[in-house]
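Could you walk me through this protein model, from single residues out to the pockets and the overall fold?

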Amino acid sequence: MYGVVIADEGEFSPVSDYARTKRDFVEGMDRGNRFVQFTVQRGAVIKAVLCGVGKVNAASAASFLIADGAEAIINIGLSGSLDGTRGGSFVIGSSLVEVDFDLTNLGYREFEKPGQEYVYRSDADLCAAATRALPSAVRGVLGCGDFFLSDSVKAGHLRDYGGIVAFDMESGAIASVCYKCGVPFISIRQISDGASEDAIGEYRERNSREAPDLLNALLNCVKYYREVKS
């Protein structure tokens, strides 16, 4: 089973609508999260969870999916661009960090977690599958935090300091759970805004549309990953 973590209704709806076209479609509530489950090509079972926005919601959903036997976790959603990537383009997270983890007043580097990993690497095979599914996508570092980034100065610092190309509110937290559990993980993000002072309007405009491109990216990533693993 492939677990999919999705934060927002607009990002979830295309997956849910597609799931309803499958004979084995199942939907319901699981530990407080809405989910759909269905089978795609070559018998791959996908369980997609609508977890809600933010790191705690996303991390708990990933934990539940892993406990249910997910062999890989895929995160899809919208992100703000920090490197000028235009709206509608895709970014694949080759590595991930939580940018709101800050113990600099105790002498640590930004993002650093004492005595443990804090830069999480995506699974190489999933990265290859996602790149094959989205050959024009940017690959780079995704940063996440429990805030909506609409500050060009802060965005510039995160880009220059951490090499971060896009920002969201879930990916790094999911990556942390998957790293600890030894479960392959990838985050695929579509750019909604420029993480600047105009980001709120840009995000609302794109978020008001459903996101079929994210669905196609998900399905093709699973398809190509299964080809690599078979």
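E11 sits in helix 1, residues 9–19; helices here are DSSP runs of H or I with at least four residues, strands are runs of E with at least two, and both are numbered from the N terminus. With a relative accessible area of 6%, E11 is buried. Buried means under 20% relative accessible area, exposed means over 50%, and partly exposed lies in between, using a 1.4 Å probe and protein chains only. Setting aside neighbours within four places in sequence, E11 is in contact with I6, I76, G77, L78 and L214, where contact means heavy atoms within 4.5 Å. E11 and P212 are 201 residues apart along the chain, yet their C-alpha atoms are separated by 8.3 Å.

A word on the ground rules: this is a predicted model, in which local features need pLDDT of at least 70 and side-chain atom pairs count only at pLDDT 80 or more, while totals for chains, interfaces and linings use all residues. Residues are numbered from 1 along each chain as its sequence is written, and side-chain values use heavy atoms, with hydrogens and water left out.

V153 counts as exposed, at 66% relative accessibility.

Just after helix 5 comes G182, with a positive phi of about 70 degrees.

Backbone angles deserve a moment of their own. Most residues other than glycine have a negative phi. R31 is not a glycine, but has a positive phi of about 50 degrees. You will find R31 in the loop between strand 2 (26–30) and strand 3, partly exposed at a relative accessible area of 41%. F111 is another non-glycine residue with a positive phi, near 75 degrees. This one is in the loop between strand 6 (90–98) and strand 7 (120–121), and F111 is buried, with a relative accessible area of 5%.

Rolling a probe the size of a water molecule over the atoms shows where empty space is left. On a 1 Å grid over the protein atoms alone, a cavity is a set of points where a 1.4 Å probe fits but cannot get out, whereas a pocket is an open set with protein on both sides within 12 Å along at least five of seven lines; lining residues have an atom within 4 Å of a point. Grid points are joined across faces, edges and corners, and a volume is the space filled by probe spheres set on the points.

How many cavities of 30 Å³ or more does a search of the whole structure find? There is 1, and the largest cavity has a volume of about 40 Å³. Its lining is made up of D30, R31, N33, F35, K47, V49, A61, F64, L65 and D68. Strand 3 (33–39), strand 4 (45–50) and helix 2 (55–67) each give two or more residues to that lining, with the largest share, 3 residues, coming from helix 2. By class, the cavity lining has 5 nonpolar, 1 polar and 4 charged residues. Here Ala, Val, Leu, Ile, Met, Phe, Trp, Tyr, Cys and Pro count as nonpolar, Asp, Glu, Lys and Arg as charged, and the others, Gly among them, as polar.

The largest pocket has a volume of about 230 Å³. Of the 18 residues lining this pocket, the closest to its centre are L78, F148, D168, M169 and Y203. Strand 5 (72–81), strand 9 (164–168) and strand 10 (185–193) are the elements that give two or more residues to the pocket lining. That lining divides into 9 nonpolar, 3 polar and 6 charged residues. L78, one of the residues closest to the pocket centre, is also among the contacts of E11.

Finally, step back to the whole chain, which has 7 helices and 10 strands. Its radius of gyration is 17 Å, close to the 17 Å that the globule rule gives for 230 residues, so the chain is as compact as a globular protein of that length. The radius is taken over C-alpha atoms, and the rule is 2.2 Å times the number of residues to the power 0.38. Of the 230 residues, 53% count as buried.
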